[in-house]
Amino acid sequence: MAWAPHGLTAGVVTTKWPRRPDAYFDGFPASIEVIQHEGAAASADPEALAAAQSCPTRAITVGTEGVSLDRGRCILCGRCTRLAPETFRPQQGSATAALEREGLVVGAHEESDEALTGLKAELAARVRYLGRSVHIRHVDSGSDGSDEWELQALSSPVYDIHRLGIFFTPSPRHADILMVTGVGTDGMAGPLRRTLDAMPEPIVVMAVGTDAVSGGLVGGGYTRGAGVAPRLAADGRGVDVWVPGSPASPFSVLHGILLALGRVDESGARVRRGSTRMTLLVVGIGVTVAAAVLGWFAGLTRVRPALASAISALTWTLNIAAAVLFVVAGSLVLGGGAGASGALTTQGALLSSAGLRLDRLAALFLVISFGVAVPALLSAASRGVVRRPRLAAGIALVLLATAVVITAGDLFTLLFGWEGLGFAFYLVVGYDRDRPGRPLAAVLTGGFSGFSGAAILLGGSLLFAHSHTLELAGIADGTPRLIRDTAYVLFVIGFAVKIGLMPLHIWLPRGYAAAPGPARALLAGSAVNVGFYALWRTFDVLGAPPTWLACTVLIVGALTALLGISHAAVNADLASLISWSSVENAGLIVTAYGVALVGAIVHAPALIAAGLLAATAQVCAHALGKSLLFISAAAIEDAYLTTDLDRLRAIARRLPFSGTGLVIGSLTLAGIPLTAGFASEWFILESLMQQFRVDDLPLNLSLAVAGVLVALTIGVATIAFVRLIALTAFGHAGEDIPQERRVYERRITHRIGIVLLVAGCLGTAMVAPLQVRLIAAGLVPITDDAPKAVTGTWILQPVYSGFSALSPSWLWITIPAYVLLIGILTLAMSGTRFLRVRRVSPWRSASPGVAGGRGYTSFAFANPMRKVLAAILMTKGELRREEIATGGETGGEQRGPAGVRLGYTVDVVDVVERYLYRPLIPLGMRIVRLAQRLQSGRLDAYIAYMLIALLVILAVVTSMAVNR
């Protein structure tokens, strides 16, 4: 029993390397260092020459370029250090492994950084999915037994490689790494080949020990063993990691394993693969998970109201913190250095199996989506704490799913985040389920989200069946053109659902309007951007689409924009108006995206850049303007207890911060100069005007038609938002608001959110060239031509030089200067008469004695648009008589036939819903009734259903395998 007290007194002897430094790792002399190699002088050094001649493995070379030592041949006999102590000496440190054979040569040889970078990237791609559990198959190809003794030590308590998730396995079918020792004799060539054939891909090969690297002291001879590299080369394989030493020390072998896995570098320093950027991303995801859990507890009935309010406030704080972390992570990637291609890919060690990736495109959309989420969350926290304790949990799920989708590196992670986002949308939209219309809106949102996920899953499955990888970067490799085009269509359909593209848009106006006020800005301004990001990523992965798909995207996008703004222009509800505006902006963005697709088809890189730049700029403008409108509308709804536009008057006077947000947000989405929307819509129109550069007739015509529809859309948008500004924000005073209903308007967090978004809408226009450079940095994975949109310092152009130019920054100087100049001249010429006000009684077009309002109502102002757009809106008016029996209203001054009360109603409909979806309702109900018959409640019936489904899956998989 002496071992028990010895163990207690000795303590833990297991090394903490690589997590912590180890004195034995750093101090063990595992290699020889060359300390003198000065060309001709070194070649004349008799000691160096004597050491080279005495080396039993010819590892030392002395020439005009200096002295070099091949550690792959060195057996650490020590002769060189004794014969030439001024040239050779033992080097402390066990970090001896290298990724290329030339890396073992020290002295005159200089290792290529470019070659090392390529090797690391290729090896990292292969070991990415090994995660934290790695199995090694060891093969002795003819060694002296010393290497095997050192390998056994790795499993001892001192080294304990199991703590690192590394295991030796006797079965090659379970192995990830092939570790070869020995000189590689003829007799072991066959077993080595069979081991390789039995191992699953990807395979990492390590040559351990000088014998395996070069043959060492006993190489050659009758065994013809000169290392394992020639044996592997005969089978088309190479060595990934070289570990010298005769024998290689356990620490050197462990260094080689971890170097192959990317956990340490060549010096033995621990590699923090995610660095700061990925760490921030992972921490942000963890914070959203914590917020979701805390928010759920806040809604428990057993929790006291004060505690529930405190938990809810903490949940909102965590949501804000997570959004800030995501913005910082994306900003670090966009601002960090990259290679000539701009590719910057990082993977997190904690979530390596989840397939998260943060390249420049993902970073750009992180900044856009969560940049507007921060002020929206600040505003939401001011009004969502008291009345809706669990709303913050739903918002946390939205943020979590948004971040996962944007940073997904493989199809599984993308689908996981996409389905999670659909579920979060369903929960948030149906939060106020006791209010009219909310259950239907939630069901529509959930149903269309499920359809979207099914389309994406089907498209991804088609690609996976041919590429055999879920990684987005390689999922399209080796796929036939028909399969690729089919998957392209399915992806576009699936992602179009989330952004509300026609005819898949009918859930969006209902869903946004039904969501609680604090959540609308997050859904419409932040989370919706995952749909646009997914379209951008689809283009990045799949490349050019078929011609007919590009034409369809252009036309459908333009029609969606016109349909959305047509309904927004006549809508009588503030929340619905803003929601329909989201449909319009989705159409504008997708139309510009279609221009990029056209550029890919005709092999015009500049046209690709023009389209993507315009689309991304509009994504930014929409995110800012829509978030600002919705948080302003939420405060207005809290104060007026309604979103009926006819009852909302003089908002800017009674709610100055929310009124300002309503005005600036409306100007931004209308594309008025001095706002972010002006430059983005200019970019869209300019990109569509490049149709003369396209020779293909269908594409040329589609660009022309889309340009006309977009121009009409922008014109209608101006009228729609003029109504909102003139009559709602600055109309004559309506009903007053009690002071107790202005509490949220006075809260500092709401005001900060408004100020930040107003600054974003206006400031983005001031520094438009900087915005374009930021977007160009994010688009580098797809195109390198976007920076051409900035010429000089403050001038923008549609990528093509000499076509047109615009400077939104200079407009911020010239327009205010002109306004000020006109004001000064007017005052100078008119004197004090300009400031005089003449008040008269207003004229009304009504019969004497008939009561009526003064001035336009919002509903009446939209009547001309209902007439003009009757073909799109299917406007229907009806004049009806009321109180016919009594001849007028009870209590009215006029009774009898002359006092008959007349009523006039005007209605518009969504033509897509009326003629596409409503006829499908009876068919859907029949399918539901048929499905109900299958739900017999009998266990044996359900088991039979499962058996039938399993047989079908097996038949499909078998047929696919046979065809392949």
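**Exercise 1.** In this predicted model, work out how S2 and S3 pair, and over how many bridges.

*Solution.* Start with the link: a hairpin takes you from S2 to S3 through two residues. Next, check the direction: S2 and S3 pair in the antiparallel sense, over four bridges.

**Exercise 2.** Find the strand order of the open sheet, then say which strands lie at its edges.

*Solution.* Begin with S3 (residues 66-70), which pairs with S5 in the antiparallel sense over two bridges. Here leucine 69 sits opposite valine 106 in S5. Strand S2 (60-63) and strand S5 (105-106) each pair on one side only, and they are the edge strands. One more neighbour: helix H4 (residues 46-54) packs on the sheet and touches S2 and S3. The direction of H4 makes about 140° with that of S2.

**Exercise 3.** Is S3 buried or exposed?

*Solution.* Take one side at a time. Gly66, Ser68 and Asp70 are buried on one side, and Val67 and Leu69 are buried on the other. That's five of the five residues, so S3 is largely enclosed by the rest of the structure.

**Exercise 4.** Where is valine 767, and which nonpolar surface patch includes Val767?

*Solution.* Look in the loop between helix H30 (748-766) and helix H31 (768-778): that's the place of valine 767. Its relative accessible area is 33%, so valine 767 counts as partly exposed. Met766, Val767, Leu770, Trp794, Trp810 and Ile813 make a nonpolar surface patch of about 560 Å².

Conventions. Residues are numbered from 1 along each chain as its sequence is written. This is a predicted model: local features need pLDDT of at least 70, side-chain atom pairs count only at pLDDT 80 or more; totals for chains, interfaces and linings use all residues. Side-chain values use heavy atoms; hydrogens and water are left out. Patches are made of residues with over 30% relative accessible area and no salt bridge: like charges are joined within 9 Å, nonpolar side chains (Val, Leu, Ile, Met, Phe, Trp, Tyr) within 5 Å. Accessible areas come from the Shrake-Rupley method with a 1.4 Å probe; for residues, only the protein chains shown count as cover. A salt bridge is a side-chain nitrogen of Lys or Arg within 4 Å of a carboxyl oxygen of Asp or Glu. Buried means under 20% relative accessible area, exposed over 50%, partly exposed in between (1.4 Å probe, protein chains only). Two strands pair if DSSP finds at least two bridges between them. Contact means heavy atoms within 4.5 Å. Axes are lines fitted to C-alpha atoms, for helices over the stretch in contact, and angles run from 0 to 180 degrees between N-to-C directions.
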